[in-house]
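Dear colleague,

Please find below the structure that I am handing over to you. My notes on it follow directly after.

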Amino acid sequence: MTITSIIERCQALYDDLDLGYVKEWKAAGTDRKAVGYLPTYIPRELLWAAGCLPVGIVGGGDQLEIVKGDACFQSYICHLPRSVVELGLSGRLDCLDGMLFPATCDVIRNLSGIWKLYFPDKYVKYFDIPHNYDSAIGGEFYEDHLREILGEIELLSGHQVTDDELRDAIVLYNENRRLADAVYELRAKEPWRVPATDCYLLMRAGLVLAPDEHCAMLREYLELVRLEDRPLRDNARVLVVGAFCEQPPIDLVRALEYAGCYVVEDDFLLINRWLGDTTAETGEPIRALSEAYLKTPAETSSRYVDDDGRKGRYLVDLVRKSGAEGVVFAAPSFCDPALLDRPMLQAALDAEGIGHTAFKYSENTGQLQPIREQAGTFADTIKLWGTV
Amino acid sequence: MSTKVIKEESMVKQKEMIADHFKKLARAKAEGKKVVYTFVPGNLTELLLAFDCLAVHPEINALQSGMRKKSGEYIAEAERAGHSEDVCTYVKCDIGMLMKGNIGPTGEELPEPDLLLLSYTGCYTFMKWFELLRERYNCPTVMIQVPYQGDGEITPKMVEYVTRQLREVLVPKLEEVTGKKLDEARLQELLASSARSEENLVHVLESAKHRPSPIDAYFGGVYYIGPLFTSFRGTPEAEEYYQMAADEVDQRVAAGLGPVTPEGQLENERFRLVVEGPPNWTHFREFWKMFYDAGAVIVASTYTKVGGTYDRGFRHDPARPWETLAEYCLGCYTNLNLPDRVDMIADYVRDYHADGFLINSVKSCNSFSAGQLVILRHVEEKCGKPGAFIESDLVDPRYFSPSNIKNRLESYFQMLAQRKGQEVTA
């Protein structure tokens with residue numbers, strides 16, 4: 001394998017809206033099931049332990065003509081749900097035996113209801129995350145919810161999950177997130193080695209590949225990329241935030257680099273790194289999943305930040321940790337979580353003297369020149385004056 | 001068309017009640033009253049009253065600003081401060097109003113909160129809204145998470161989760177903020193009073209099953225739900241108001257009268273409609289007149305259920321004070337899943353003998369709006385009656401296009417008239 005062949009494989013998975021890999025994976029064993037999930041977070045360990053392949057669904061990007069999906073949503077609703085509906089109604093998601101819709105925003109929440117109406121024979125579940133982080137209150141609710149979902153997945157897969165199987169899945173996903181973190185850490189340290197598009201495609205592959213296969217891919221990439229001699233450019237180091245749900249087209253990610261930015265941190269496809277490797281690998285596994293979620297310091301817009309005055313602190317810390325010189329707020333149009341959060345995050349950055357710029361996109365944005373110019377100006381400003 | 005302005009006694013009373021509430025708020029700090037900002041869906045009025053707290057509802061501030069033609073200016077102020085043009089205009093209107101001095105509808109400044117009570121019921125934006133307000137006020141925030149009815153049911157675990165948050169998080173915080181211990185017997189009295197008001201509210205809403213309907217359950221419904229959805233549930237004033245409203249409705253039914261509107265009494269009920277979605281507040285009267293002119297009366301609406309689905313049987317139960325508060329929050333319309341919303345609208349069309357239904361899709365509210373086009377098709381399939389779809393906004397005057405909306409409504413009414421074999425006169 002070479003880096004090129006790894007990235008080509010990732011690109012092929014990215015391009016395959018028909019989920020060929022999922023069909024092959026299911027065909028390779030008897031009674032294998034696959035369950036889709038929307039951004040931002042679901043505990044994939046539950047699915048994997050029950051013998052189901054977790055499949056991240058993040059829309060059709062800029063590759064899909066939307067016809068039926070547009071008939072379901074008004075012009076002021078973001079683009080993701082219309083392309084997800086298009087994928088569903090065009091039969092591209094038929095290989096999925098169920099869908100999980102996490103509590104990311106009202107649109108994804110309501111999409112769970114649309115799925116129930118359009119696909120009454122499929123397993124459809126709204127996944128409620130806790131916003132009370134007390135183990136005895138929010139934790140108890142969340143553990144019950146996880147057990148409820150696990151029970152339903154067991155019925156779907158026909159496989160009763162043991163605690164050991166669930167702990168094995170936790171170990172595997174901890175390793176997966178550790179490796180994903182390692183790619184990000186290397187990129188933050190030596191961004192010329194790991195182009196933003198490589199990193200993005202590697203993470204995107206994690207939405208569809210079986211976790212053990214994805215781990216092997218990440219390990220191989222990390223070994224090979226250290227041997228690769230890539231030119232160092234005089235780019236500005238930026239952190240991209242706001243793109244945790246509807247994804248920008250890959251060309252937009254590329255455009256940021258062409259504009260003179262090294263993306264040293266981002267919140268694309270958070271599920272690959274969310275919670276890190278903090279889930280306890282011993283003890284009661286449902287409790288371990290619950291505690292990992294409750295106690296993580298990680299923030300994203302769909303997660304309530306408790307009343308202790310730390311809103312935006314996580315972003316500032318991430319800027320410091322990644323060595324970013326500025327922040328690019330890249331949010332999908334009409335994305336309530338990202339856009340409502342933005343003024344608060346900007347205020348936290350302003351208080352620390354961290355520069356930022358902001359633009360909006362949709363998953364099928366085709367006109368990238370204005371974004372490239374804006375990012376280029378931002379990068380030049382950082383390079384010329386060291387601040388914005 | 002009547003030219004005389006008609007106002008029923010209950011309308012005058014509810015206006016006085018709400019104005020009086022804002023006056024109390026203006027005096028709150030001077031009188032040592034504690035003020036709690038909270039939301040209408042899932043509001044815990046009885047619990048707040050048990051602690052003698054006064055409530056401020058930011059959505060009510062925003063809609064009042066919309067009706068007073070102030071919202072455009074407030075929204076622009078918030079957008080200048082960096083808030084996106086894409087997001088909820090209730091939030092921007094409220095923040096803009098705050099930036100402009102937080103002047104309430106009576107022209108007096110609203111007091112700052114002693115507590116932000118974030119009842120996270122069926123609207124994601126609520127969470128961000130109070131995170132935003134929290135940045136501007138030096139007071140604690142309590143988050144009460146109300147699980148969504150994703151599977152169309154309220155489970156005992158959901159009730160327990162909300163109950164525990166109320167008892168173990170909110171009550172201790174209210175005791176700390178107010179310096180008072182909770183008197184549970186008083187809470188129970190307040191809940192019993194609420195149930196009596198709710199009984200009469202349902203009586204009023206269900207009167208629209210009569211022909212002609214004595215009420216308009218959408219535009220007029222705003223008056224009927226006002227006291228219960230704001231700060232009066234559990235009070236003698238609310239009981240008196242709802243008894244008065246129920247008696248007036250009975251009289252109108254007996255006399256065969258149509259609803260009272262700002263244009264006068266509707267004399268000739270031609271169309272009976274169910275409406276899904278909140279109203280537009282910036283052009284409330286103009287919007288209502290479009291229906292009045294066509295002889296259309298709204299016999300049931302979903303918007304009037306955001307603060308409780310009493311017509312589906314819910315009543316506050318003083319015998320189970322904590323569970324009943326939890327069930328109330330869990331049952332609000334915005335916490336229902338889409339299949340339940342479809343069923344509810346189709347049931348309304350059938351039970352209220354409606355000719356069709358209308359969806360007013362507001363740009364600001366993803367909780368309501370995302371999926372409404374799917375709701376439209378499924379309700380049509382389910383009830384066999386035609387639906388119409390219009391778009392506006394809650395309080396952003398830029399998104400209310402009278403001619404577009406009027407054109408759509410007129411076409412819809414013509415179609416309904418043809419189906420009913422009537423001559424088109426609208």
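Glu276(B) has Ile359(B) of strand β9(B) as its bridge partner. Helices and strands are here DSSP runs, numbered from the N terminus, with at least four residues (H or I) for a helix and at least two (E) for a strand. Strands β7 (residues 271-276) and β9 (residues 356-362) of chain B run parallel and are joined by 4 bridges; two strands count as paired if DSSP finds at least two bridges between them. Both belong to an open sheet of 4 strands in chain B, ordered β8-β7-β9-β10, with parallel pairing. At its edges are β8 (296-301) and β10 (387-392) of chain B, each of which pairs on one side only. From one strand to the next, the twist averages 30 degrees. Helix α13(B) packs on this sheet and touches β7, β8 and β9 of chain B, its direction making about 165 degrees with that of β7(B). Such angles run from 0 to 180 degrees between N-to-C directions, and axes are lines fitted to C-alpha atoms, for helices over the stretch in contact.

Please note that the model is predicted: local features need a pLDDT of at least 70 and side-chain atom pairs count only at pLDDT 80 or more, while totals for chains, interfaces and linings use all residues. Residues are numbered from 1 along each chain as its sequence is written, and chains are lettered from A and ligands numbered from 1 in the order in which they are written. The average pLDDT (the predictor's confidence in each residue, from 0 to 100) of chain B is 94, and 98% of the residues score at least 70. For the complex, the predictor gives an ipTM of 0.95 and a pTM of 0.96.

As regards the interface, 41 residues of chain B are in contact with 41 residues of chain A; contact requires C-beta atoms, placed from the backbone, to lie within 7 Å. On the side of chain B that touches chain A, α6(B) provides the largest share, 6 residues. That side divides into 17 nonpolar, 15 polar and 9 charged residues. Here Ala, Val, Leu, Ile, Met, Phe, Trp, Tyr, Cys and Pro count as nonpolar, Asp, Glu, Lys and Arg as charged, and the others, Gly among them, as polar.

Between the chains, helix α6 (residues 135-157) of chain A packs with α7(B) at an angle of about 175 degrees, their axes being 10 Å apart. The two helices are therefore roughly antiparallel, a term for angles over 145 degrees. Among the residues making this contact are Phe141(A) of α6(A) and Tyr161(B) of α7(B).

Helix α5 (residues 89-99) of chain B is largely enclosed by the rest of the structure, because 10 of its 11 residues are buried. A residue is buried if 20 or more other C-beta atoms lie within 10 Å of its own, exposed if 12 or fewer, and partly exposed in between. The cover over the buried residues of α5(B) includes α13 (336-351) of chain A, together with α3 (58-67), α4 (71-80) and α6 (124-134) of chain B.

Some backbone details also deserve mention. Leu269(A), not a glycine, has a positive phi of about 50 degrees, and it counts as buried with 25 C-beta neighbours inside 10 Å. Asp52(B), likewise not a glycine, has a positive phi of about 60 degrees, but it counts as exposed with 12 such neighbours. The peptide bond from Arg211(B) to Pro212(B) is cis, with omega near -10 degrees.

Yours sincerely

Notes
Contact = placed C-beta atoms within 7 Å. Parallel < 35°, antiparallel > 145°, perpendicular 65-115°, else oblique.
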